[in-house]
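Thank you all for coming; I would like to walk you through one structure this morning. Please have a look at the sequence and the model first, and then I will go through the parts in turn.

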Amino acid sequence: VFLEYWKIQEIDLSMRWMVRGVNKVKINRPAFKYDKIIVDENGRTKHYFPKWKQIARQLLQIPFIILATIALGLMICSVFVVEVLICETYEGPHQFYLEYVPTILLAVAIPRISSSLEGIANALTEYENHRTADEHEMSLTQKLFILSIITNYLPILLTAFVYVPFGDVIIPRVKQLIVHLFPKFAAKLVFRPFASDTDR
């Protein structure tokens, strides 16, 4: 009974003393850059940064994510193409090992690419200029989560929804493109009919 009474008393006193919600006030990050200082009716100072500026800065993450997805998608597609071309056209020694070299190179490159993308995400989050550390961490975590999804699941999605269903259409066109662009190189290759490898 006393606790319930005290909760009511707390609310009453906080309203009388005009400090209601003061426990939810969060301190500014040291890196927060405000435009101006506003003093409210209670004499409390508030560092003000326009919300529209912050939203405009947050919108920069959309082209960043799109560009990261396209760049990683192109890398993964090129690895698929090189793998298939080695598998389909190369008949020399160590063919079994050579067809996995592009995948190994991609597996080695992905952590470095992820690290650089995380650095860009961190810089974007700093540029967004969040007032509190909680907002900053939440924004950075969202970006890192999306980048993690892109780097971890894009190869699976491309395999499942592009390579397996459309590989027999895409790969012959890629072969034709190679023959057209690099005729001397293509003359040395032995082209066999393509059949998509669902175990890939």
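Let me begin with a term: helices (H or I, at least four residues) and strands (E, at least two) are DSSP runs, numbered from the N terminus. This is a predicted model, in which local features need pLDDT of at least 70 and side-chain atom pairs count only at pLDDT 80 or more, while totals for chains, interfaces and linings use all residues. Residues are numbered from 1 along each chain as its sequence is written, and side-chain values use heavy atoms, with hydrogens and water left out.

On that basis the protein has seven helices and two strands, and along the sequence the pattern reads α-β-β-α-α-α-α-α-α. Of its 200 residues, 28% are buried, where buried means under 20% relative accessible area, exposed means over 50%, and partly exposed lies in between, with a 1.4 Å probe and protein chains only. If we take contact to mean heavy atoms within 4.5 Å, then among contacts between residues at least 6 apart in sequence, 64% join residues at least 24 apart.

Let me turn to the strands, which pair if DSSP finds at least two bridges between them. Strand E1, residues 36-39, and strand E2, residues 45-48, run antiparallel and are joined by four bridges. Ile37 has His47 as its bridge partner in E2, and Val39 is bridged to Thr45. Five residues lie between the strands of this hairpin, and Gly43 takes a positive phi near 90°.

Which residues does Lys36 contact, leaving aside its neighbours within four places in sequence? Lys36, which is found in strand E1, is in contact with Lys46, His47 and Tyr48. The C-alpha atoms of Lys36 and Lys46 are 8.5 Å apart, although the two are ten residues apart in sequence. With a relative accessible area of 47%, Lys36 counts as partly exposed.

Now to the helices. H3, residues 61-89, and H5, residues 101-128, pack at an angle of about 175° with their axes 11 Å apart; axes here are lines fitted to C-alpha atoms, for helices over the stretch in contact, and angles run from 0 to 180 degrees between N-to-C directions. The two helices are therefore roughly antiparallel, a label for angles over 145 degrees, whereas under 35 is roughly parallel, 65 to 115 roughly perpendicular and the rest oblique.

The largest nonpolar core has 17 residues, and those with the most contacts inside it are Phe64, Leu72, Ile76, Leu117, Leu147 and Leu154. Such a core is a set of buried Ala, Val, Leu, Ile, Met, Phe, Trp, Tyr and Cys residues joined through side-chain atoms within 4.5 Å. H3, H5 and helix H6 (133-181) each give two or more residues to this core, and the largest share, seven residues, comes from H3. Not counting residues up to four places away in sequence, Leu117 touches Phe64, Ala68, Leu72 and Leu147.

Leaving aside neighbours within four places in sequence, its contacts are Phe49, Gln54, Arg57, Gln58, Gln61, Ser139 and Lys143.
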